[in-house]
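Please look over the sequence and the structure shown here, and keep both in view while reading. The paragraphs below them take the parts in turn.

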Amino acid sequence: MAAPESLSLAQARRVALAAQGFADPAPTGVPTRRHLRRVLDRVGLIQMDSVNVLQRAHYLPLYSRLGPYPTALLDDAAYRRPRELFEYWGHEASLVPVGLHPALRWRMARSRSDSWGGMRRIAEEQPGLVAWVRDEVAARGPLTAAEIEHDAPRETGNWGWNWSAVKRALEFLFWAGEMTAAERTSSFARRYDLPERVLPAAVLDAPTPSDAEAHRALVGIAARSLGVAAEPELRDYFRLPVAGARQAIAELVEAGELLPVAVQGWQRPAWLHAGARLPRWVRGNTLVSPFDPLVWERARTERLFDFSYRIEIYVPAPQRVYGYYVLPFLQGERFTARVDLKADRKAGVLLVPAAWGEPGVDAGETALALAAELHRLAGWLGLDAVAPPAAGDLAVPLAAALAGVAGVR
């Protein structure tokens, strides 16, 4: 697209959605590794989270862009040779393309200053335990924390989420790049191993860039994946330090990769990626994960879509506004609804504790589109039916729309 000096809000939305892959054509037939790579090229990395009330978070961004796909596609890319992804701290815990390993070594090198307090303390206070844990994995790996703990020296206490001293040592080594994830168990426990036994040799042998070069590469990926963004979002994508991100932005502007642009209603300066696309429209109806990169930066989500979104998992139940695990519903280029979902795997039912419409939407039209998407999601999850919503201002029209589809309980 020609470089504009300004974008309307509608144009900025379409640029952002196209950058994230929502304007790409849907696969014909079963999605393949080629489709997976296309999504990874769009989003840059995939966030992980342990909550499994609906589906593990890292599987959902691919579903939102490809529709129903075999989750083994992602598992194989992350945990089978030849690996295309590895686990590391990108944007929180993430699956990251293996080619980005060199660009993240600056974070590994800062493990003693930047890792969480419990990890730092175990490295400072019990270096012998850390070395013992490393040796155990080297001799016996890949191993989970539980598989090491029964032989570990006596603990000196727990920290955080009941993490043992062994777990803290493993996580410090993981942050430092001395451990990586060989695979995940059925209970989602990380099985640790040495990087040289997991990652491609060509990746590990690649030269380490300077911090400035690494920050520039990561901001460039963030800018390409966002399409149009302000500084906080470019920095947040890989959780970069302020000074490093600002220097990278300035250098990318000078190189012509980032173009200054005014976006309607935005107070902050914005930058458009030089390769950004502006489609005439964005079609399709899909649910979006709370951990999807499209909505990572909540302030940007509100500026772009006039959609105020917070995840309420950690909010006490009586204080929740919309529900425990609420997914936004993207209809065309707008978020028109949000729906609290839970997979009742034993009963084979997708539960809908609540459904809410956004102000000004056509409730009937949105309910019909959302009903179709809920049945598509249920089928992908291996569930037989969708329950009518229990609460929310969209509950009545959504229940009526669901009632028109076979299989509702």
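This is a predicted model: local features need pLDDT of at least 70, side-chain atom pairs count only at pLDDT 80 or more; totals for chains, interfaces and linings use all residues.

Strands of a sheet pair through backbone hydrogen bonds, either parallel or antiparallel. Here three strands form an open sheet in the order 2-4-3, and their pairing is antiparallel. At its edges are strand 2, residues 46-47, and strand 3, residues 85-90, each of which pairs on one side only.

Strand 4 covers residues 92-97 and runs antiparallel to strand 3, to which it is joined by six bridges. Two of these pairings can be found by residue. Phenylalanine 86 has valine 96 in strand 4 as its bridge partner, and tryptophan 89 has alanine 93 in strand 4.

Leucine 287 is found opposite phenylalanine 329 of strand 11.

From the sheets the reader can turn to the cores. In soluble globular proteins, nonpolar side chains tend to be buried together. The largest nonpolar core in this model has 108 residues. Those that touch the most other members are Leu54, Leu234, Tyr325, Leu341, Leu350 and Leu374. Apart from this there is a second, separate core of 23 residues, with Ala12, Trp266, Leu294 and Tyr309 among them.

With neighbours within four places in sequence left aside, leucine 374 is in contact with Leu287, Leu341, Leu350, Val352, Val386, Leu398 and Leu402.

Next come the empty spaces. Rolling a probe the size of a water molecule over the atoms shows where empty space is left. The second largest pocket holds about 280 Å³ of space. Its lining is made of 20 residues, and Phe22, Ser64, Arg65, Arg283 and Gly284 are the ones nearest its centre. Helix 3 (60-66) and strand 10 (285-287) are the elements that give two or more residues to this lining. Helix 3 gives the most, with four residues.

How many cavities of 30 Å³ or more does a search of the whole structure find? The search finds two. The largest cavity has about 70 Å³ of space. Its lining residues are Leu226, Glu233, Asp236, Tyr237, Pro293, Leu294, Val295, Trp296, Glu297, Arg300 and Thr301. Two or more of the lining residues come from each of helix 13 (231-236) and helix 15 (298-305).

Threonine 301, which is part of that lining, sits in helix 15. Is threonine 301 buried or exposed? Its relative accessible area is 1%, so threonine 301 counts as buried. Leaving out residues up to four places away in sequence, threonine 301 touches Leu294, Val295, Asp306, Phe307 and Phe335. Of these, Leu294 and Val295 also line the largest cavity, and Leu294 is included in the second core.

The last stop is alanine 395, in helix 17, residues 395-403. Alanine 395 is counted as buried because its relative accessibility is 10%, and the cut-off for buried is under 20%. With residues up to four places away in sequence not counted, alanine 395 touches Ala355 and Pro389. Glutamine 247 is 148 residues from alanine 395 in sequence, and the two are 49 Å apart in space, C-alpha to C-alpha.

Note on methods: Residues are numbered from 1 along each chain as its sequence is written. Side-chain values use heavy atoms; hydrogens and water are left out. Two strands pair if DSSP finds at least two bridges between them. A nonpolar core is a set of buried Ala, Val, Leu, Ile, Met, Phe, Trp, Tyr and Cys residues joined through side-chain atoms within 4.5 Å. Buried means under 20% relative accessible area, exposed over 50%, partly exposed in between (1.4 Å probe, protein chains only). Contact means heavy atoms within 4.5 Å. On a 1 Å grid over the protein atoms alone, a cavity is a set of points where a 1.4 Å probe fits but cannot get out, and a pocket is an open set with protein on both sides within 12 Å along at least five of seven lines; lining residues have an atom within 4 Å of a point. Grid points are joined across faces, edges and corners, and a volume is the space filled by probe spheres set on the points.
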